Amino acid sequence: MDGNTGRGKQLIQSYGCGSCHTIPGVHAARGVVGPPLMFFSRRTMIAGELPNSPENLIRWIRDPKAVEPGTAMPTLGLTEYEAHDVAAYLYTLR
Ligand code: HEC
C-alpha cells in the first residue's frame, strides 16, 4: 500500500501503541497487553475478526470497538490519514 511509513512510525510512537504492543523498529514499544505486531504483513486476520487488508487495518486502528465491542484496545482518535500511515508502517513488518 502507499502511505508515509516514516510518519506512520512517528505516529505509533506518539499515540503510545507501544505501551500495549511489541512493535519492531519502534523505540520502547515492548508492551504485552495486546499481541506483538511483528511479521504483521503475514497475518491473515486482524484481531481474529477481519481479513488482513489495508482497508480493514485502517478500520481497526481507527475504531477497534466498532469491529469488536468487547476489545481491550481503545479508540485513540486517529484520523483517516494518520491510520493510513500507521498501516503503511505495519505492512513493512514482514
Ligand atoms: C491499551 C492497550 C492498547 C493500545 C494503546 C493499542 N492497542 Fe492495539 N490491541 C490491543 C489489544 C488488547 C488487541 C487484541 C484485540 C482483540 O483481539 O480483541 C489489539 C490488537 C491490535 C491489532 C490486531 C493484531 C492482530 O494480531 O490481529 C493491531 C494491528 C493493533 N492492535 C494496532 C494498534 C495500533 C496501531 C495502536 C496505536 C495507534 C494500538 N494498537 C494501540 C491493545 C492496545
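**A guided tour of the predicted chain**

Begin with the charged side chains: the protein chain carries 9 positive and 8 negative ones, and the centres of the two sets lie 9 Å apart. Lys and Arg count as positive and Asp and Glu as negative, while His and the chain ends are not counted; each charge is placed at NZ of Lys, CZ of Arg, CG of Asp or CD of Glu.

This is a predicted model, in which local features need pLDDT of at least 70 and side-chain atom pairs count only at pLDDT 80 or more, whereas totals for chains, interfaces and linings use all residues. Residues are numbered from 1 along each chain as its sequence is written, and side-chain values use heavy atoms, with hydrogens and water left out.

Next, show the whole chain as a cartoon. The protein chain has 4 helices and 2 strands, arranged along the sequence as α-β-β-α-α-α. Here helices (H or I, at least four residues) and strands (E, at least two) are DSSP runs, numbered from the N terminus.

Of the 94 residues, 38% count as buried, that is, under 20% relative accessible area.

Select α4 (80-90). This helix is mostly covered, with 8 of its 11 residues buried; among them are Val86, Ala87, Tyr89 and Leu90. The buried residues of α4 pack against α1 and α2 (54-62), a contact being heavy atoms within 4.5 Å.

Finally, select Phe40 and Tyr91. A search of the whole structure finds 1 aromatic pair. The ring centres of Phe40 and Tyr91 are 5.9 Å apart and the planes stand at 50°, so the pair is tilted. Rings of Phe, Tyr and Trp (its six-membered ring) pair if their centres lie within 6.5 Å; planes under 30 degrees apart count as stacked, over 60 as edge-to-face and the rest as tilted. Because Phe40 lies in the loop between α1 (5-14) and β1 (45-46) and Tyr91 in the segment after α4, the pair ties together parts 51 residues apart in sequence. Phe40 is buried at 5% relative accessibility, and Tyr91 is buried at 13%.

How values were computed: Buried < 20%, exposed > 50% of the residue type's maximum accessible area, 1.4 Å probe, protein only.
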